[in-house]
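This briefing collects points to check against the sequence and the coordinates. The points are grouped by topic.

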Amino acid sequence: MILMIWNEFIETADREKLTKIQDERFAKMIERIYYNVPFYRKKLQEKGIGPQDITRIEQLNELPFTVKADLRDNYPFGLFTVPQSEVVRLHASSGTTGKPTVVGYSRNDIQIWSEVVARSLTMANISKSDIIQVAYGYGLFTGGLGVHYGAEKVGASVIPISGGNTKKQIQLMLDFGSTALACTPSYAAYLGESIQKEGIDKKQIRLKSGIFGAEPWTNELRQQVESLLGLKAYDIYGLSEIIGPGVSMECECQNGMHIFEDHFVPEIIDPDTLQVLPYGQVGELVFTTLTKEAMPLLRYRTRDLTRLHVDKCECGRTLVRMEKCLGRSDDMLIIRGVNVFPSQVEAVLLEMNEASPHYQLVVERENNLDSLEIKVEINEHYWSDEIKIIEGLRKQIQHSISSTLGLTAKITLVEPLTITRSEGKAKRVIDNRKKI
Amino acid sequence: MIIKQLSVFLEDKVGRLTEITRILTENSINITAFSIADAADYGIVRFIVSNPDAAVKVLKENKFAVNVTEVVCLIVPHKPGGLYQALKILSDNNITVDYMYAFALENSATVVIRSTSNDEVIRVLQENKMKLLKASDIYKI
């Protein structure tokens, strides 16, 4: 089944046509940042590059990178290329360390954003016949408003319910007959569990598409959410620095997320050598925005680890696909020298029916030795009242975890619903080493 | 002859057991017997209560991990050899017991027995004229 394509001209364009569009836009983008942002001008001058030297997108790998710290150093508006009078929207991401990261949008940027989200929602089979419940947080976080504008653009009826208030979410889902749901995957799982707990007949739920993103999640969690809510779950990717949700999106083939390359150019680099890696190799994802006016970014290092595939997708789209991120390299923990991603733990738990996928990693350092504890909620649909069976389960988890991570972890079983479910993003990691 | 026993998973945290007993109290549910099996950092509390279905419902509403296990309750006379007699019957019939605990009931003791072969337990004990509690007896207490 091939679904509709929002912008066939771009989404099915051949490489040659796409490169031509990128070349033109890229040259203008370099000109814009060179003349308007002292930070970029200085960096380009250091490399002896002027705007007249850049005419082709393939020259990208000669240019300097931008990192998150650059955004903080230029807080709040230092990287803006337009005067404040041209900025119509400001978003900010919660800064875990110090100042938040601020992003600005011109009127045209908001239109670009609506366009890429409209393409994304169309990929998820959402049209004007749909009622979409946007349960991403509205506010400084880009999730809520980002999906909202795209949903209005495709003409769907939008319920801007924002995050949280689970009872009301369920009530409106039933009363309004929501056919699509947009939220974080962990909140989708929580909603599904709450619906099950209330004993609501699944036939009453009309959801057919779920647009889930803003945190890393696994295919196992996808299957669980799909079965709990009776929908098809689509992965949406984005980060506020680049635009918010809608940088890339999964189509019905569920075979990677198509990057909207006419606006965002991806590269994969080796995070150590900073060399560009070929398609198919895992490395850090880097984006250059081609069309953003208020705050364009040049070779922005996302810290997300993934790989790209360029072969044509069965859906008919030619846009490059990125795999589900292995995790942000920010999320990656180094414990006793071993790289650990929370998503690896999730995958192990979801493979075991007996354990629930709700977990939390707690890392401590005592006497200069790191220790990892993984708290796992007991699955109330499957637990024995015999200690030996529960201990067996705990050992089985411990064994699978240590063979997957290459690291021994202490497994602590906890009561159901005691690990904080985020109404925004899941708190998967508590690293107490940083405080020391 | 099968009695419904509630099993609740509890983390080692102050006040969790108090919380369960508060919920049961507020719902006028009597605890006839209970036992705690403890592991390193959690425990399982097993209860025999006056109204198991209602107890499961209210505990679930309060987000406890609770499930129902079937057990057999044997009445043992208060005299030397009472328990021995019953256990000998089980071992002579090659029946293993997963766990057991006892509570006092009027003038006799009652032993809660959990075995993977509960039906066998009932059959051999009854064949040997041992007295078992009926569900209706418990729910009246």
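**Overview**

Buried residues account for 45% of the 436 residues in chain A. The model is predicted. Chain A holds eleven helices and 21 strands. Of the contacts in chain A between residues at least 6 apart in sequence, 67% join residues at least 24 apart.

**A four-stranded sheet in chain A**

- An open sheet of four strands in chain A has the order β20-β19-β18-β21, with mixed pairing.
- The edges are taken by β20 (410-414) and β21 (429-431) of chain A; each has a single partner strand, so one side of each has no neighbour in the sheet.
- From one strand to the next, the twist averages 20°.
- Strands β18 (residues 355-366) and β19 (residues 369-378) of chain A run antiparallel and are joined by nine bridges.
- Which residue of β19(A) stands opposite A:Val363? The residue in that position is A:Leu372.

**Helices lying across the sheet strands**

- Helix α10 (residues 342-351) of chain A lies across β18, β19 and β21 of chain A. The angle between helix α10 of chain A and β18(A) is about 140°.
- Helix α11 (residues 387-405) of chain A lies across β18, β19 and β20 of chain A. The angle between helix α11 of chain A and β20(A) is about 135°.

**Contact between chains A and B**

- Chain B gives 15 residues to the contact and chain A gives 13 residues.
- On the side of chain B that touches chain A, the elements giving two or more residues are β1 (2-11), β3 (42-49) and β4 (65-76) of chain B.
- Which element of chain B gives the largest share of the side that touches chain A? That element is β1(B), with four residues.
- Sorted by class, the side of chain B that touches chain A has seven nonpolar, five charged and three polar residues.

**B:Met100 and its surroundings**

- B:Met100 belongs to strand β5 (residues 99-105) of chain B.
- B:Met100 counts as partly exposed because it has 16 C-beta neighbours inside 10 Å, and a residue is buried only from 20 or more such neighbours and exposed at 12 or fewer.
- Apart from neighbours within four places in sequence, B:Met100 is in contact with B:Val111, B:Val112, B:Ile113 and B:Arg114.
- B:Met100 and B:Val72 are 28 residues apart along the chain, and their C-alpha atoms are separated by 9.6 Å.

**Backbone points in loops**

- The peptide bond from A:Tyr75 to A:Pro76 is cis, and its omega is near -5°. A:Pro76 is placed in the loop between α4 (68-73) and β1 (87-93) of chain A.
- A:Arg299 has a phi near 45°, which is a positive value in a residue other than glycine. The loop that holds A:Arg299 runs between β11 (283-289) and β12 (300-306) of chain A.
- Is A:Arg299 buried, exposed or partly exposed? A:Arg299 has 19 C-beta neighbours inside 10 Å and therefore counts as partly exposed.
- B:Ser28 is not a glycine either, yet its phi is positive, about 55°. B:Ser28 is found in the loop between α1 (16-26) and β2 (31-38) of chain B.
- B:Ser28 is exposed, because 9 other C-beta atoms lie within 10 Å.

How values were computed: Residues are numbered from 1 along each chain as its sequence is written. Chains are lettered from A and ligands numbered from 1 in the order in which they are written. This is a predicted model: local features need pLDDT of at least 70, side-chain atom pairs count only at pLDDT 80 or more; totals for chains, interfaces and linings use all residues. Two residues are in contact if their C-beta atoms, placed from the backbone, lie within 7 Å. Ala, Val, Leu, Ile, Met, Phe, Trp, Tyr, Cys and Pro count as nonpolar, Asp, Glu, Lys and Arg as charged, and the others, Gly among them, as polar. Two strands pair if DSSP finds at least two bridges between them. Axes are lines fitted to C-alpha atoms, for helices over the stretch in contact, and angles run from 0 to 180 degrees between N-to-C directions.
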